[in-house]
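Please examine the sequence and structure shown here before reading on.

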Amino acid sequence: MNVEKFQESMYQLIVETSTNLPKDVRRAVKKAKESESAGTRAALSLGTITNNIQMADENISPICQDTGLPTFKIKTPVGVNQIKIKEAIYNAIEQATNDAKLRPNSVDSLTGKNSGNNLGGGTPVIKFDQWEKDYIDVRLILKGGGCENKNIQYSLPCELEGLGRAGRDLDGIRKCILHSVYQAQGQGCSAGFIGVGIGGDRSSGYDLAKEQLFRSVEDVNPNEDLRKLEDYIMENANKLGIGTMGFGGETTLLGCKIGVMNRIPASFFVSVAYNCWAFRRLGVTVDPETGDIQEWLYQDGEKIEFQNDAEKETAAASEEQTKVVSLKAPITEEQIRELKVGDVVRIDGRMYTGRDAIHKYLMDNDAPVDLNGQVIYHCGPVMAKDEEGNWTVKAAGPTTSIREEPYQGDIMKKFGIRAVIGKGGMGPKTLAALKEHGGVYLNAIGGAAQYYADCIKKVDGVDLTQFGIPEAMWHLNVEGFTAVVTMDSHGNSLHADVDKSSLEKLAQFKEPVFK
Ligand SMILES: O=C(O)C[C@H](O)C(=O)O
Ligand code: SF4
């Protein structure tokens, strides 16, 4: 095999997967957008999402900043050297990371050190199978951390909030799947896709669930029972009203694929792999002699090009019913107290990134900068250095805020921080601190990494680089960075409201459907 050529083909697959959503996913997103009424928060968010998809494609830059754990599934003809394939993939991954098409995302679990090149123990994941065909089939998924954290595994029988007992039968499985969508709320960047694995053990069940994410969004399940269940879930999960980013709305789920395998008598697992709207999975077939790509997979039909219409929608929303408030740090307590859930905020000037490592650090250490009146952005960007050695931001969407729940309130009070931006919302501890201290939580659109990168006009500095690129404290200068107030200083939380109302809606699915 021509290994150099194969490596080049893998590089193309990686870049394409990271920057260009496949056609089947684009169709699902378009359908969701059409289902929302103009001017609603859901429509506005979907406008930002489709705008972002278009920008990533045009800029050949990551759709979302989170590379996830790159996972390859490969089928090779008998006799193909799999060791050489692995090496070529490692090289291609390293090259794509150097070119800022991927974020350095592989972290030593004990020391916290980022390897810097996306290589390391267990990274990337490469799974091989042999087959009798005469070509190589390589599929790649870049599934981010926020949606990965919303995967869930049920052991039947069990009791489920809202739904009651789920037994060891098709109806119990139905309840688990509905519950999995409810529990994800907006935190995995809904609207999402789910892969479900019925049976197996704890690890093979999850593998089966993830395997379903490699099915085309539009395929039809050959198993009649599962086909019915998939249709049922698509229809009814979308009645939960969680909507895009958990803001409420018509579309919560974009796809549901279910697979089944045998189990052992004592175990009955239902495993659900949740994938955000930024469903980055592609595939190619490759000639085993030349290493050339023969065909791209998931690319049947017309490619939907999204119009750059997000600005129009923002303007329409602001004229009709939404209040848009301009903020620039340092922000006063009075300014914060004026904000209410639902207001749209436009930020100009300075903000600092801070996520997991920094929140933990700030509990016990001083901040490297004065954070009084400042804005913290939960974000781990993709960064590149230009020829003069200046940092530029290549992708910079929000990360899931709930991980900072144990720290956020204390840190805001300790340093006088007035606003935090993230996605998915935060919990009661933070809500109480916002009220006491005078703070606000702003929800940005998860995955819209190009859209926000475009708002960042300059990188003014960086601290705490020992935590690696995604976890360092970047000093960003932004213009027109827009986000929605979803938790205010008066005790209101849109996230708590949507959680409550979707739990009530979930309860309407309590009665048996599949007997
Ligand atoms: O690590 C990230 O940048 C974000 C992550 O994908 C998330 O959804 O929280
Ligand atoms: S930030 Fe959202 S869109 Fe990006 S990987 Fe995480 S869950 Fe997916």
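## Terms and conventions

A residue is called buried when its relative accessible area is under 20%, exposed when it is over 50%, and partly exposed in between, using a 1.4 Å probe and protein chains only. By this rule L464, at 10% relative accessibility, counts as buried.

The model is predicted: local features need pLDDT of at least 70, side-chain atom pairs count only at pLDDT 80 or more, and totals for chains, interfaces and linings use all residues. Residues are numbered from 1 along each chain as its sequence is written, chains are lettered from A and ligands numbered from 1 in the order in which they are written, and side-chain values use heavy atoms, with hydrogens and water left out.

## Backbone geometry

Helices (H or I, at least four residues) and strands (E, at least two) are DSSP runs numbered from the N terminus. P124, in the loop between α4 (82-98) and β2 (125-131), is joined to T123 by a cis peptide bond with omega about -10 degrees. A cis peptide bond also links L156 and P157, with omega about 0 degrees; P157 is placed in the loop between β4 (152-155) and β5 (158-160).

M245, which is not a glycine, has phi of about 55 degrees and sits in the loop between α8 (224-237) and β8 (253-260). M245 is buried, its relative accessible area being 0%. For L464, also a residue other than glycine, phi is near 55 degrees; its loop runs between β19 (456-463) and β20 (473-487).

## Domain division

An automatic or database domain assignment supplies the bounds: domain 1 (1-144 + 280-319), domain 2 (145-275) and domain 3 (323-496). The C-alpha centres of domain 1 and domain 3 are 27 Å apart.

## Interface of domain 1 and domain 3

With contact taken as heavy atoms within 4.5 Å, 20 residues of domain 1 touch 25 residues of domain 3. Buried area is the accessible area (1.4 Å probe) that two parts lose on being put together, summed over both. Here it amounts to about 1,800 Å², with 66% on carbon and sulfur atoms. On the domain 1 side, R41, Q65 and R103 lose the most area to domain 3, together 31% of what that side buries.

Between these domains there are 0 salt bridges, a salt bridge being a side-chain nitrogen of Lys or Arg within 4 Å of a carboxyl oxygen of Asp or Glu. Helix α3 (residues 41-59) gives the most to the side of domain 1 that touches domain 3, with 9 residues.
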